[in-house]
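Please read the following points with the sequence and the structure open beside you.

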Amino acid sequence: MDLNFTPEENAFRQEVRDFLAQSLPADIRHKVINGMILERDDYVRWQKILHAKGWGGPSWKRDFGGTGWSATEQYIFEEEAAAAGAPRAIPFGLKMVAPVMMQYGSPGQQQRFLPSILSADEWWCQGYSEPGAGSDLASLKTRAVREGDHYIVNGQKTWTTQGQYADWMFCLVRTDPEAKPQRGISFLLIDMKTPGITVRPIITMDGAHEVNEVWLEDVKVPVENRIGEENAGWTYAKFLLGHERTNIAGIGIAKRELARLKRIAALETKHGRPLIKDPLFAARIAQIEIDLTALEITNLRVLSAEAAHRAPGPEASILKIKGTELQQAITEMLVQVAGPYALQLRREAMAAGYQGDPVGPFYSVPLAANYLNMRKLSIYGGSNEIQKNIIAQMILGL
Amino acid sequence: MDLNFTPEENAFRQEVRDFLAQSLPADIRHKVINGMILERDDYVRWQKILHAKGWGGPSWKRDFGGTGWSATEQYIFEEEAAAAGAPRAIPFGLKMVAPVMMQYGSPGQQQRFLPSILSADEWWCQGYSEPGAGSDLASLKTRAVREGDHYIVNGQKTWTTQGQYADWMFCLVRTDPEAKPQRGISFLLIDMKTPGITVRPIITMDGAHEVNEVWLEDVKVPVENRIGEENAGWTYAKFLLGHERTNIAGIGIAKRELARLKRIAALETKHGRPLIKDPLFAARIAQIEIDLTALEITNLRVLSAEAAHRAPGPEASILKIKGTELQQAITEMLVQVAGPYALQLRREAMAAGYQGDPVGPFYSVPLAANYLNMRKLSIYGGSNEIQKNIIAQMILGL
Amino acid sequence: MDFGYTEEQQMLLDTTRRFVGKDYGFEARRRIRESAPEGFSREAWQSLADIGLLALNVPEAEGGLGGSAIDTMLVMNAIGEGLLLEPYLASAVLATRAIALLGSGEQGAELLPALAAGEKIATLAHDEPASRFDWRSIETRAWRVGSGYVITGHKSVVPHGGSADLLLVTARLAAVGEHGPMAVFAVPRELAGVKTVPFNTIDGTRAAEVWLNQAFLPESALLGNGGHEAGDAEGALEQIIQAGIAAVCAEAVGALDKLLAATVEYARNRKQFGQPIGKFQALQHRMADMVLHIEQARSMSFLAAVRCADADAAERRRALSAAKVVVGQACRFVGQQAVQLHGGMGVTDELDVSHYFKRLMAIELQFGSTDTHLEAYASQLA
Amino acid sequence: MDFGYTEEQQMLLDTTRRFVGKDYGFEARRRIRESAPEGFSREAWQSLADIGLLALNVPEAEGGLGGSAIDTMLVMNAIGEGLLLEPYLASAVLATRAIALLGSGEQGAELLPALAAGEKIATLAHDEPASRFDWRSIETRAWRVGSGYVITGHKSVVPHGGSADLLLVTARLAAVGEHGPMAVFAVPRELAGVKTVPFNTIDGTRAAEVWLNQAFLPESALLGNGGHEAGDAEGALEQIIQAGIAAVCAEAVGALDKLLAATVEYARNRKQFGQPIGKFQALQHRMADMVLHIEQARSMSFLAAVRCADADAAERRRALSAAKVVVGQACRFVGQQAVQLHGGMGVTDELDVSHYFKRLMAIELQFGSTDTHLEAYASQLA
């Protein structure tokens, strides 16, 4: 047993750190570190910088233009990138549809789509959730009817994160309405410019436009844009979800946000003493930091098991639950740390270049919005209730 | 709205307090206040004192020799009695079977049994639970077969609190095995001296002998000792359980135990300062005291609704859950307050008159045992999980 | 011991609820929030005046209703149910009580009828950037100059500070750095030397930063006209803040009730895996936990209303801090679980759920956070 | 990064587990607990010596195995699984490490082989009535008299203090009331002036109060023979306590695993309302929460074992306090829920559940409570 990284891994970490220090644009870093609004361009710009370095696909095999990094190297990269204030990689292309294409896609699909994912020239979104199919994904109703070499797709998708930017959507559709729910599903790649697609914004409680509804009305999708077999889409869908949950613990991000919390707690005072020296407040922060330490090791244990060529298993549910609880706990404390100024909700002041009158310390501006936004963590990606079902059934056999 | 007691109620409180000051034996008070072991005789002696005063049946109507007190007066009495260190009334006779007899019993049964309950000349125990019928009480299996003017009872009861002292047991038996589970049940009164009854101790994790198994083998029970109709016992059983849950919040006891906690926390020191002045510890005690304040008012609200002649409803489940959580939280803190001495488990030193070598301060002796003993609170009287089912179904209609 | 309301109180509650039900449905509220420049409706405000609610905290001697804290509790219950955006708490509770408690007869006669009639709006400008949740710690200073006072300071997150005609500004009567007695000045928002910067808060209302830069005030602006002894206003201010705590506790209970009802309704109708999600036991128990929190909060809202007029200052502090803790914890738990149980829909602006959630979050932070009051209570343990 | 064990470590774990499985089933344990006068089995103790486990923490130079903290972790895992009553932690970990770390070569050569062979049992007598959870605060004093020391003090809740041949008593080398350097003396339990009062503890073992009343000790009783600088023993003692924390964390993980397994098994078999209670979603989620606690505890047990030998004292303190917090909270939650899910059966002496529960409760309190370590960690936040 050795909890230390190897000298090689430490050298790799240093290389990543040096690269980030040199290459991460200061304006992007500023936004990330301070919880401000990131634009589409910020994500694209950063992905292009990574791509130019050859690091566009940290989790991809070399065959497809990826880095070929080990799970530990990917972890180190993600941790350092988060600490440095790099934007989180938009997962829909890189981490969701790409692994499916690599595993189940045709060579033609791989050649057509993978390069532009790496280079951020095409933006992907998800077409899984539907208004009636959330936790119970297999109850989806969007229909695809084969007509010659096309499918005609009708239905509605929802919670489509950053769908307003998307060039392509990977989409679960029902191709056999007679079959059992999980049987008659197919996995299609849909060009968002196809006639019949309407993207409507869903505004969330922090005032953000991050998610969308996508309406599909007689949308023609070439059969060649189907992944794998017709009616076998559930297999690919589950494969994708399994991959989606790796790195979901978000240790790097949690560490960065905890550092933000401690930074602010050292600046705010209570009875003339830095808040971080207040016994009750310090105990609450300590509890979070301790839990995070434990989760980091738990995460490394799971990684270590994966490195031993085991697929991500139900342990990922542990990481999802604890990781999201911790990230939410940190944003809760961030609201507590700034006092009454945490009441403000000023999206205009969360955008880069805001020049208006100040309201409270700069750091207080996005705290409430960040808290509100993070409520989604325990809901999406398989709600934490679903994760507990998985633990009970898959780990405990109940 | 008025949260104050009326002048009449305050005068009543003073009367109760004066009586307790004069009449509660010091040795009993000493045991109760310090969490030591109470013997059968302690309970009996105190009930006889109350009975002599005419206060033997605080919740009974005058017709049956009770006090005829209002719900508020009963509450005041229980609170004062708890604060003074009076033993809790053993509920099986006074609060469980007696209300059933008053409501459903024959005049003969009332005359035969009620006086000796009031005077503590006969001790009752419950015969509800069975090894296979805990939360799911209606699945009970103990059989009673009618033979002439007797039932022949065979089966096993369990969790029979202080059954080793009991003269009588009220017992649910299945008289019609063909009927639906809740239909074929009858409610019998069984003389514990009847041949065929074996009482076996169950030792609990604190080392106490408080509960028992009761084995019934061809036990002859006269038909006249059946309450009400044959096969209608479930109605009486539910009536009993509804009454069992009044006063289950245990506000008076919680207040007394919280006072014990604060008393010890003022004596123990940490870095030379009384523990009660330690910010984190004080915050934890404050949280309990605050929750208890809230529960006290919630309890009074329920009482107030009862006084308006409404039967105890699902609100009793709220009182059960919060009341037991608080009592358990206090015993948890009591373990924390005494430091390493809380590790001792010395039943011999918890008995009155112990003369052995001291181990730690006197107050530290029973803390762990009290904590261990109180784990039952969230399990018995309808587990807290069952209470949440009731709230979900009866209050929320889910 | 009586948890009932008088006939008048029941009428007051019914009247307010009727107003909320008729004129303040969720869609009406959305229109106000999205289009009214001040973030609330002047029309609704006038309606509140017309049905007499703005006169509730005005003493009878000034032509008001002279209502009790219980009366205010009932109105705030209904306001919480309807998530009213109007400055009822700011103007009709806090400012009105401040003037009634601290003002001279003349000041009362001048200001209160206008507040009661809805002609003027007032707000308490008290918190400051450095005060955090410690209401005693303020740095705004006023000192005598000729026939009046000069006042300088920075007041933060003043509710409806951009709309109020009158700011009730707290200051210490001393040079900067010295600790003088606390005083309250009635400051017209348009006065020279006063700058307000309004902004949106999480609960859909607007607050403002207020800077006072050597603003000159006539002697008559000092509430009580200087007749108070040193430190007098501090005790009164504590009581006003405590009335505010009682009011938001009641508002929270109204919002909590609605939020639970919405969640139960959603759980009954939303189907997943072939059945309503309200049939899943884990979610049932979660909702049962919401009930527990809400009933405890309701109890403490009663206590807060009853005790905030208590003559015993220590008892008052204990009760109000205890109430704020229980209610604040209910706000957090019930709010978060209501959102969670609504799934994705819970985080949208479209449903009322997120709006209740945000108002409850704001209540948690108003008049001192949960931990602030837990510590205040803990420091008085004995 | 490697979470695997070496072949030797796996063998060590297997060996210990085999002993537990074969000789230490729950009924065998009950017999020992109820009938052995010392509360543990001398026979089992000899077996532990025979299979080499008592030599684990003895340096190779003294004929021991010179095992690492990871090795101890594995043995303690298995001990936790079997709820061993024998003084392994007291004698074979704490006392053995104390002698190895502090003792002179002669002392080691004299004492360690006897401990490794199971011929002698030793225990650390350190806590005192007033020290509560602050291990630095001791009032026992020793001072030089002629060719030795006189020692006076009261040691509380000394594990197996009534059975140990040798008490390793900590004292300050100073007059009463003064703060001298900390020293450790090897005190024969039978020495004149030493009184022990054994008693039962919640976990089924026995501890003792130890009074030292001007007991006279030869110079050779001072571990290190006085060769240590002032304060030296304090640093070593901290490391020994930290090794103890790592050991109980590992023991807890073993017990937690067994307790969860028992609960899941019970939930699968116990039927109520026509189905196994393990099918009720609220209980499933509770057990999922138990998994979360246990996996976090396991991770911290690893960290504790790895870091308790760290040269950086600050890092060591942080890691060990963090581990104690996570493990302590797991002990509380998993213990309470296991009992709750077992219903009435959970509180009986008859099932193993309550015994695991009580050992986990004891672990929570050993070497400082959860809050003690949370505060220690919090005070070092930066």
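1. Gln162(B) is buried, because its relative accessible area is 10% (buried means under 20% relative accessible area, exposed over 50%, and partly exposed in between, with a 1.4 Å probe and protein chains only). Gln162(B) belongs to the loop between strand S3 (150–157) and strand S4 (168–174) of chain B, where helices (H or I, at least four residues) and strands (E, at least two) are DSSP runs numbered from the N terminus. Although Gln162(B) is not a glycine, its phi is positive, at about 50°. Most residues other than glycine have a negative phi.

2. Before going further, please note that this is a predicted model, in which local features need pLDDT of at least 70, side-chain atom pairs count only at pLDDT 80 or more, and totals for chains, interfaces and linings use all residues. Residues are numbered from 1 along each chain as its sequence is written, chains are lettered from A and ligands numbered from 1 in the order in which they are written, and side-chain values use heavy atoms, with hydrogens and water left out.

3. A positive phi also occurs in chain C, at Phe273(C), where the value is near 55° in a residue other than glycine. Phe273(C) sits in the loop between strand S8 (271–272) and strand S9 (275–276) of chain C, and it counts as partly exposed because its relative accessibility is 43%.

4. Is Cys308(C) buried or exposed? With a relative accessibility of 6%, Cys308(C) counts as buried, and its place is the loop between helix H8 (281–307) and helix H9 (313–341) of chain C. Leaving aside residues up to four places away in sequence, Cys308(C) touches Ala69(C), Gln242(C), Ala243(C), Ala246(C), Arg316(C) and Leu320(C), contact meaning heavy atoms within 4.5 Å. Ala246(C) is 62 residues from Cys308(C) along the chain, while their C-alpha atoms are separated by 6.9 Å.

5. In chain D, strand S4 (residues 166–173) is largely enclosed by the rest of the structure, because 7 of its 8 residues are buried. Strand S1 (residues 122–125) pairs with S4(D) in the parallel sense over 4 bridges, where two strands pair if DSSP finds at least two bridges between them, and Thr123(D) stands opposite Leu167(D). Strand S2 (residues 141–145) of chain D also runs parallel to S4(D), joined to it by 2 bridges, and here Arg141(D) has Arg172(D) as its bridge partner.

6. Which sense does the pairing of S4(D) with S5(D) take? These two strands are antiparallel, over 7 bridges, and among the bridge partners are Arg172(D) with Met182(D) and Thr170(D) with Val184(D). S5(D), which covers residues 182–188, is mostly covered itself, with 6 of its 7 residues buried.

7. Finally, helix H7 (residues 232–269) and helix H10 (residues 352–365) of chain D pack at an angle of about 155°, with their axes 10 Å apart (axes are lines fitted to C-alpha atoms, for helices over the stretch in contact, and angles run from 0 to 180 degrees between N-to-C directions). H7(D) and H10(D) are therefore roughly antiparallel, since angles under 35 degrees count as roughly parallel, over 145 as roughly antiparallel, 65 to 115 as roughly perpendicular and the rest as oblique. Residues that meet include Val248(D) and Leu259(D) in H7(D), and Tyr356(D) and Ile363(D) in H10(D).
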